[in-house]
Amino acid sequence: MTLVTITAGIGCGASSIGLRVADKLQLDFYDDRRLAKEAINLGISPEDLRGFDEKAPGLLSRLFGQRPEIYLDLMQSLVYKISSGGKAVILGHGAPWLLQDFGCALHVRINTSNDSRIRQLTDQHGISRQAAEKLIEKSDAERNGFFQYAFGMDWNDLSLYDLIINPDKLNEELTATIIVETAQSQEIKACSLTALDAMENLSLVKRVEAAMLRAKISLHELNIEVPEKGVVQVSGWLSPLVSKTGLLEVVKSVSGVSDIKLDVAAVPKPEI
């Protein structure tokens, strides 16, 4: 089993390197486009995928809607679902944070100099050096804002990564080879079926949470667990505005749910 996550800013050549790694390991490569396609296969609507990238939601989204929370649940569900197969190369989307407790994933950070990033952007897109500098600055700020908002972490925290590599002195082929050789070590490949099952269950938890948020069901006093494949257990306090029947219908509508166990009660009325 081989699972690799790659994190990098724009202009670092991560997509090209990731494709080479996936080709050498004969794995699927999940960038934004492939992740969106996989999400639709999981039954996630195109509407929920709008803006599927690493940007912190705007202030108005945070204040007036739950879409950021829905988006994060769906994104996490997708990463866990793909990872549960134990065979993938995933680019971005907080994968090193989401999978930090699973020893079978190799987390790679690709980091090149600013001059190298600027040169790559100017060569590829025909823009000026000044425009490339502004694009890198804006992208890095948005990416770090996303990590801070979604996970409360700094994407430059080097403890998140197992391998940090600078391709400035290496060509992309050699960089990919180093990643592949590390990924094929026994320490990385030894991933138990228990870990993969845990990823699968976490994926379902996040899809159920997203469905409940979409149905305006508050998660603050509810606990959602998947103790075994397909079995969803919901416990806690249920808002008086939501019936048990309504809750059952929402959970039942989520792909992958085979059984539902409810242990909920209406929020008690305050004593006068």
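Visitor: Where is Asp28 found?
Guide: This is a predicted model, so keep that in mind throughout. Asp28 is found in the loop between helix H1 (14–25) and strand E2 (29–30).

Visitor: Buried or exposed, or in between, for Asp28?
Guide: Asp28 counts as partly exposed, because its relative accessibility is 37%.

Visitor: What does Asp28 touch, apart from its neighbours within four places in sequence?
Guide: Asp28 is in contact with Ala22, Arg34, Ala88 and Val89, once those neighbours are left aside.

Visitor: How many residues apart along the chain are Asp28 and Val89?
Guide: They are 61 residues apart along the chain. Their C-alpha atoms are separated by 6.3 Å.

Visitor: Back to H1. Which helix holds Ser15?
Guide: Ser15 is found in helix H1. At 37% relative accessibility, Ser15 counts as partly exposed.

Visitor: And what does Ser15 touch?
Guide: Ser15 touches Phe29 and Leu91, not counting residues up to four places away in sequence. Take Tyr30 as well: Ser15 and Tyr30 are 15 residues apart along the chain, and their C-alpha atoms are separated by 9.6 Å.

Visitor: Let's zoom out. How many helices and strands does the chain have?
Guide: The chain has eleven helices and eight strands. It has 272 residues, and buried residues make up 47% of them.

Visitor: What share of the contacts comes from residues 24 or more positions apart?
Guide: Take the contacts with a separation of 6 or more. Residues 24 or more positions apart account for 70% of them.

Visitor: Now the inside. Which residues touch the most other members of the largest nonpolar core?
Guide: Phe146 and Phe151 do, in a core of 31 residues.

Visitor: Which elements supply at least two residues each?
Guide: Helix H2 (32–41), helix H4 (67–83), E3, H5, helix H7 (129–151) and H10 each do. The largest share comes from H4, with seven residues.

Visitor: What other core lies apart from it?
Guide: Another core has 23 residues. Val4, Val89, Leu91 and Ile165 are among them.

Visitor: Tell me about rings. How many aromatic pairs are there?
Guide: The structure holds five aromatic pairs. One of them joins Phe146 and Phe151. Their ring centres are 5.9 Å apart and their planes are at 90 degrees, so this pair is edge-to-face.

Visitor: Why use both a distance and an angle?
Guide: A pair of aromatic rings is described by the distance of the centres and the angle of the planes.

Visitor: What sort of pair do Phe147 and Phe151 form?
Guide: That pair is edge-to-face, with 5.8 Å centre to centre and 75 degrees between the planes. Phe147 and Phe151 are four residues apart in helix H7, so about one helical turn separates them.

Visitor: Are Phe147 and Phe151 buried or exposed?
Guide: Phe147 is buried, with a relative accessible area of 1%. Phe151 is buried as well, with 10%.

Visitor: Which residues form the aromatic cluster?
Guide: Trp97, Phe146, Phe147, Phe151 and Trp155 form one cluster.

Visitor: What lies over the face of Trp155?
Guide: Arg109 does, at 4.2 Å from the ring centre.

Visitor: New topic. Where does Thr5 lie?
Guide: Thr5 lies in strand E1 (residues 2–7). Thr5 is buried, because its relative accessible area is 1%.

Visitor: What does the side chain of Thr5 make a polar contact with?
Guide: The side chain of His107, at 2.8 Å. Leaving aside neighbours within four places in sequence, Thr5 is also in contact with residues including Ile90, Ala95, Pro96 and Leu99.

Visitor: Last one. Which residue other than glycine has a phi near 60 degrees?
Guide: His93 has that positive value. His93 is found in the loop between strand E3 (87–91) and helix H5 (95–98). At 1% relative accessibility, His93 counts as buried.

Visitor: And what is the phi of Lys216?
Guide: Lys216 has a positive phi of about 65 degrees, although it is not a glycine. Lys216 is found in the loop between helix H10 (193–214) and strand E6 (222–228). Lys216 is exposed, with a relative accessible area of 65%.

Note on methods: Residues numbered from 1 in each chain as written. Predicted model: local features only at pLDDT ≥ 70, side-chain atom pairs only at ≥ 80, totals over all residues. Heavy atoms only, no water. Buried < 20%, exposed > 50% of the residue type's maximum accessible area, 1.4 Å probe, protein only. Contact = heavy atoms within 4.5 Å. Core = buried A, V, L, I, M, F, W, Y, C linked by side-chain atoms within 4.5 Å. Polar contact = N/O pair within 3.5 Å; in protein donor to acceptor, adjacent residues only side chain to side chain. Phe/Tyr/Trp six-rings, centres within 6.5 Å; stacked < 30°, edge-to-face > 60°. Lys NZ or Arg CZ within 6 Å of the ring centre and 35° of its normal.
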